[in-house]
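Biologist: Could you take one part of this model and go through its surroundings closely, giving the cut-off behind each term as you use it?

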Amino acid sequence: MRGPVVVLGDTLLDRDVEGVVNRLCPDSPVPVLDETAATDRPGGAGLAAVFAAAQGAEVVLVTALADDAGGARLSALLAAAGVQVYPLALSGATPEKIRLRARGRVLLRHDRGGMSGEPGQPSDEVLRVIGAASAVLVSDYGRGVARQPALRDALAATRAPVVWDPHPRGPAAVPGIHLATPNESEVRELVPALPGASRLATASRGAQGLRRRWRAGAVAVTLGGDGALLCHAGSTPLVVPTPGSAEGDTCGAGDRFAAAASLALAQGALVSEAVQAAVAEASAYVAGGGVAAALPPPAPPMTAGVVGRGGDRVGVAAVATLLGEVRAAGGTVVATGGCFDLVHAGHVATLQAARQLGDCLIVCLNSDASVAGLKGPDRPVMSEGDRSRLLAALSCVDAVLIFDEPTPDAALSWVRPDIWVKGGDYATGGGDAAATLPEAEVLRRWGGNTVVVPYLDGRSTTDMIVRSIGERTR
């Protein structure tokens with residue numbers, strides 16, 4: 001593949017709540033679910049991106065993330081799955097789908113997040129990565145990303161094969177796509193069936209109608225456990241049956257199908273070959289236990305908050321509130337990050353300089369586990385609770401976000417700061433200092449900038465620890 005596989009579309013936060021039912025509610029004849037476990041995962045376009053990344057592909061996800069706890073959770077989950085997120089701003093709340101389950105069966109689905117918000121404008125880097133893709137999968141869940149005019153122009157201009165997984169509430173596919181992958185119910189909504197027509201005749205008529213309407217190269221209608229029907233330039237459709245029985249949880253099967261077809265096209269397969277590979281992948285996925293068996297254990301959530309002094313300025317909720325206020329006023333969001341173990345004058349000078357560059361300063365703080373992974377089992381000296389409270393107590397710091405990963409990439413993809421600030425050796429190395437920052441590539445995804453500020457010489461946490469140990473051993 002000459003470039004990454006780009007997945008573009010609406011990402012939701014999916015949660016499966018497992019429990020047991022052994023009684024009815026006393027005030028209403030409905031079952032009571034006693035929760036035993038809950039699992040979060042990316043849904044929609046995010047799930048398709050995770051499936052593609054699990055196959056070893058380099059995957060870029062272009063999606064909209066809200067400034068709330070759901071957006072922060074999605075960023076962490078996607079980063080843990082190896083997906084590179086190129087975020088757009090999203091007004092409103094993160095859409096969530098919650099499935100209440102008992103003994104493997106869904107009792108109820110609870111949706112929240114309200115009406116879809118408007119996604120923000122894509123950066124130049126987003127448009128560039130679409131043009132450089134080996135294949136593009138548009139995973140439309142009807143919430144607005146696939147309608148964004150600049151993104152549609154980029155999709156129309158790319159030379160990569162484009163797979164379009166449509167939604168009845170979404171827009172028409174961009175003309176000239178290689179393959180559309182609606183399911184049966186979506187086809188019936190998009191192309192009304194003739195009375196009394198058979199299942200295959202309805203699927204074939206709908207596929208041919210969509211192919212002409214969208215000027216698509218081919219349309220594959222997924223038929224659940226019966227495989228798929230492919231219509232392309234010829235008048236006779238190709239029916240691709242499943243290789244065996246595929247009974248089980250079908251949640252995510254359509255995303256698995258579309259992701260598999262996109263990967264096959266990226267590797268040079270014919271459309272018919274891509275559809276056959278997709279049927280095999282989706283069938284194996286359902287037979288193997290569905291989404292619960294296909295995904296690894298999710299990453300732990302970012303710290304929601306810290307109780308005690310400074311607690312109202314620490315955690316996801318505090319950062320989300322701050323982002324909403326600053327962005328509503330048209331302000332500039334500044335962020336910096338680090339371990340901040342034994343905060344000293346050098347740290348304070350960097351934080352004060354950073355705060356002067358915008359309207360708020362968010363500190364992305366490595367958690368205890370993250371610091372230990374970077375610096376060894378004897379660090380940190382101070383716990384993340386103490387470090388976050390100390391930072392939040394500084395007048396130049398507006399909020400603190402604790403993250404568990406080795407790098408702040410997931411946190412940055414959610415916060416989307418306008419400016420990322422670092423201090424220290426970067427400022428004295430000569431050349432293009434900003435280009436040497438490891439976070440610079442991440443900031444370019446949404447058009448952010450990286451800068452360095454002078455660092456006070458002679459201040460080092462490690463040196464302080466060494467001197468302290470030396471003094472105690474004298």
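Modeller: Leaving aside residues up to four places away in sequence, E58 touches P4, V5 and Q84, where contact means heavy atoms within 4.5 Å. This is a predicted model, in which local features need pLDDT of at least 70 and side-chain atom pairs count only at pLDDT 80 or more, whereas totals for chains, interfaces and linings use all residues. Residues are numbered from 1 along each chain as its sequence is written, and side-chain values use heavy atoms, with hydrogens and water left out.

E58 belongs to the loop between helix 1 and strand 4 (59-66); helices (H or I, at least four residues) and strands (E, at least two) are DSSP runs numbered from the N terminus. With a relative accessible area of 44%, E58 is partly exposed, that is, between buried (under 20%) and exposed (over 50%), using a 1.4 Å probe and protein chains only. The side chains of E58 and Q84 are joined by a polar contact of 3.3 Å, meaning N or O atoms within 3.5 Å, one able to donate a hydrogen and the other to accept it, with sequence-adjacent residues counted only if both atoms are side-chain atoms. Although E58 and V6 are 52 residues apart along the chain, their C-alpha atoms are separated by 8.6 Å.

Turning to helix 1 (residues 45-54), F51 lies in this helix and is buried, as is Y285. R256 sits over the face of F51, 5.0 Å from the ring centre, the criterion being NZ of Lys or CZ of Arg within 6 Å of that centre and within 35 degrees of the ring normal.
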